[in-house]
Amino acid sequence: MTETVEQDARSIDPILLSVLANRFEAVVREMSHTLQKAAFSPLISVSRDFSCAIVTADNQLLASAEGLPVQNYGADMQTAQMVDNHPDLAPGDAFLHNDPYSGAPHVPDLGVLVPIFVDGRHVFTAIAKGHVVDSGGPYPGSEAIDAVDVHAEGSLAFPATRVERNYREIEDITRLVRRHVRFPDQWYGDYRAMLGAGRTAERRIADLVAKYGVELVEQAATEWLDYSERMMITEIQQLPAGRIMAENRLDPMPVAPAGIPLKAEVTVDPDSGYIDVDLRDNIDCLPAGINASVACTISAVMQGVFGSVDPGVPHNAGSFRRVRIHLRENCIIGIPRFPASLAMSTSVPTSRVINLVQAAFAQLGEGWGVAEGGVDLGVSYPEIHGYDPRKGQDYLAFFPVGNNGGPASALSDGWLTYTVPCVAGLLYRNSIEVDEQRFPVRFEMLRIVPSSGGHGRHRGAPTLEVGFGPTHAPMTVASASDGYETPARGVCGGLDGNLTAGYRVDHEGTWHPLTPTFSVDLSPGEHVVGYGAGGGGYGRPLEREAEAVRRDAEEGWIRFEDAQGVYGVVLVPIGLDRYEVEVEATSELRNSRKR
């Protein structure tokens with residue numbers, strides 16, 4: 001029997017509710033614009049590694065616009081920490097929050113929380129988060145996959161720590177941070193940009209209340225969440241019922257030489273309108289920075305579920321109510337036990353869990369679920385640091401310059417600019433021309449690798465080959481990756497995407513393979529080359545339309561020989577990179593393979 005979410009007879013007019021719901025989203029978009037334009041770090045201002053959200057006073061995620069799911073879906077836990085720890089909340093307050101044990105994704109994702117008051121009463125909280133370039137850990141960048149615990153991480157974690165009172169900065173806090181991090185001006189500039197985003201929301205909510213009244217605005221928030229829940233129930237009722245056991249794995253690493261198996265049990269109950277995802281049958285936390293925070297685990301599950309429902313369902317606390325996530329303490333993807341390290345929480349474990357859940361729905365049958373997306377960081381998304389003699393100063397940057405292939409679905413090919421599963425295409429790839437001006441770096445290549453995506457009726461997106469090295473002085477390039485041994489899986493007969501790989505190319509042009517976790521010092525004349533991971537395919541390749549295969553070959557998405565060898569499509573050259581489908585030969589070849 002499906003539980004119903006009743007609609008009160010005194011409900012707001014649907015058109016007005018839609019207007020107010022869109023106003024909440026518009027506030028978040030203005031926050032995002034403020035943060036991106038004001039931030040100091042290119043990772044935030046160019047690559048857009050940030051998120052903004054509005055949370056209700058009772059800690060329910062209300063609006064998040066185009067924020068990164070891995071950063072936003074735990075925002076309610078962060079605001080709860082603020083409310084619980086500070087009964088003296090007041091207008092003009094602001095708080096730093098990046099503690100993954102109380103709602104943050106991981107320490108490098110700094111959050112600034114601004115409680116919003118109307119007539120002395122707390123009604124909403126604005127939260128702006130950005131990936132800061134350094135958090136004060138022992139290694140530049142503060143993402144140490146080999147950290148045995150949080151003490152080895154050594155980074156500054158703020159569990160909802162007040163940084164402004166009555167709109168005045170508490171300088172003891174910011175002085176402490178500036179003394180501790182490697183690039184204090186950049187950290188402070190990014191923090192002020194996040195604060196500015198929060199204060200922008202404060203003003204815009206005040207404008208909204210002045211126009212409609214606080215009671216109506218709060219009622220709209222409540223009704224929008226209830227409406228979102230009803231939409232999610234409707235979507236779940238259209239799914240086939242079933243219980244699915246899904247598995248994939250993390251690649252081998254020093255703490256787990258055989259790799260790390262990951263498991264999920266997904267139960268879809270259309271009659272009750274609930275989806276249950278059970279992650280308790282996974283190993284305990286490990287002494288490395290690969291354990292997932294609760295916020296990352298929740299975001300991974302929800303992102304995987306949203307891959308099988310209508311994209312019009314709002315991503316907020318209302319729709320979240322219909323997904324019950326079962327976790328256990330001291331689990332690598334669950335509830336970490338302090339002081340387990342969560343340094344790489346947003347990427348290495350989370351992306352695999354997203355793949356695990358979204359691909360599980362494909363077991364419900366044809367037309368459901370999504371294949372797995374490429375998970376590489378490696379040379380595609382490294383951290384670089386060194387000394388820039390042109391400017392006479394050190395530099396440190398996260399460097400999103402490559403790409404992984406997006407997963408294919410029952411409806412479409414994979415997304416080319418997917419980046420990694422945990423950001424789902426919302427993180428921007430840097431402009432290499434701008435990077436060559438900003439840093440002492442030269443790019444050797446940046447190009448699509450044909451046939452690197454998983455073949456299928458809908459093919460996974462291909463990956464990129466990227467190569468770069470220093471121009472004027474030595475440079476260190478470091479990263480920790482996954483996908484060297486375990487590819488992004490195809491589903492429903494679709495093939496797997498290509499594995500990732502990385503190399504150091506020395507002065508003589510010799511290619512030296514890089515390990516999945518690497519830190520390599522390059523001198524001018526050397527460079528690194530990386531291949532991201534291709535996305536998995538959906539459906540059997542023999543079922544892809546012959547004309548689509550022809551276009552793929554002409555445009556360079558697949559190799560010419562794969563048209564016939566994989567897809568069973570016989571192409572006849574009719575000009576330079578121009579082909580024609582030999583219809584009879586194709587039909588005969590495909591029929592023979594289907595037998």
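This is a predicted model: local features need pLDDT of at least 70, side-chain atom pairs count only at pLDDT 80 or more; totals for chains, interfaces and linings use all residues.

**A first look around**

Reply: Let's begin in a strand: Gly111 stands opposite Lys129 in E5. Residues are numbered from 1 along each chain as its sequence is written, and side-chain values use heavy atoms, leaving out hydrogens and water.

Me: OK, and how many bridges join E4 to E5?
Reply: There are 10, and the two strands run antiparallel. Strands count as paired if DSSP finds at least two bridges between them. E4 and E5 form a hairpin with two residues between them, and Asp119 in the turn has a positive phi of about 50 degrees.

Me: Which residue stands opposite Ala128 in E5?
Reply: That's Cys52. E1 and E5 also pair in the antiparallel sense, over seven bridges.

Me: Is E5 mostly covered or mostly open?
Reply: Mostly covered, with 10 of its 11 residues buried. Buried means under 20% relative accessible area, exposed means over 50%, and partly exposed is in between (1.4 Å probe, protein chains only).

Me: What do the buried residues of H4 pack against?
Reply: Among their partners are strand E1 (50-56), strand E4 (109-118) and strand E5 (121-131). The buried residues of helix H4 (residues 75-85) are Ala75, Gln78, Thr79, Ala80, Gln81 and Met82.

Me: Switching topic. How many residues does the largest nonpolar core have?
Reply: It has 63, and Ile260, Ile275, Ile290 and Phe361 have the most contacts inside it. A nonpolar core here is a set of buried Ala, Val, Leu, Ile, Met, Phe, Trp, Tyr and Cys residues joined through side-chain atoms within 4.5 Å. Apart from that core lies another, of 51 residues, including Phe24, Val118, Ala201 and Leu225.

Me: And what is Ile290 in contact with?
Reply: Leaving aside neighbours within four places in sequence, Ile290 is in contact with Ile145, Met253, Val255, Ile260, Ile332, Ser341, Val348 and Pro349. Contact means heavy atoms within 4.5 Å.

Me: Now the helices. How do H7 and H8 cross?
Reply: The axes of helix H7 (residues 184-212) and helix H8 (residues 214-237) come within 7 Å and cross at roughly 110 degrees. So H7 is roughly perpendicular to H8. Axes are lines fitted to C-alpha atoms, for helices over the stretch in contact, with angles from 0 to 180 degrees between N-to-C directions. Angles of 65 to 115 degrees count as roughly perpendicular, under 35 as roughly parallel, over 145 as roughly antiparallel, and the rest as oblique.

Me: Which residues make that contact?
Reply: Leu208, Val209 and Tyr212 of H7 meet Val214, Leu216 and Val217 of H8. By class, that contact of H7 with H8 has six nonpolar, no polar and no charged residues. Ala, Val, Leu, Ile, Met, Phe, Trp, Tyr, Cys and Pro count as nonpolar, Asp, Glu, Lys and Arg as charged, and the others, Gly among them, as polar.

Me: What about H1 and H8?
Reply: The axes of helix H1 (residues 14-38) and H8 come within 10 Å and cross at roughly 90 degrees. H1 is therefore roughly perpendicular to H8. Their contact includes Leu16 and Phe24 of H1, along with Glu223 and Trp224 of H8. The residues of that contact divide into 10 nonpolar, no polar and one charged.

Me: Is Pro513 buried or exposed?
Reply: Exposed, with a relative accessible area of 64%. Pro513 is in strand E18, and Tyr503 stands opposite Pro513.

Me: What's the strand order in the open sheet of five strands?
Reply: The order is E14-E15-E20-E17-E18, with antiparallel pairing. E14 (441-448) and E18 (511-513) stand at the edges with a single partner strand each, so one side of each has no neighbour in the sheet.

Me: Last one: where is the peptide bond that's cis?
Reply: The bond from Phe338 to Pro339 is cis, with omega near 10 degrees. Pro339 lies in the loop between strand E11 (323-326) and helix H11 (348-360). Asn330 is in the loop between E11 and H11 too, and Asn330 has a positive phi of about 60 degrees although it is not a glycine.

Terms used. Helices (H or I, at least four residues) and strands (E, at least two) are DSSP runs, numbered from the N terminus.
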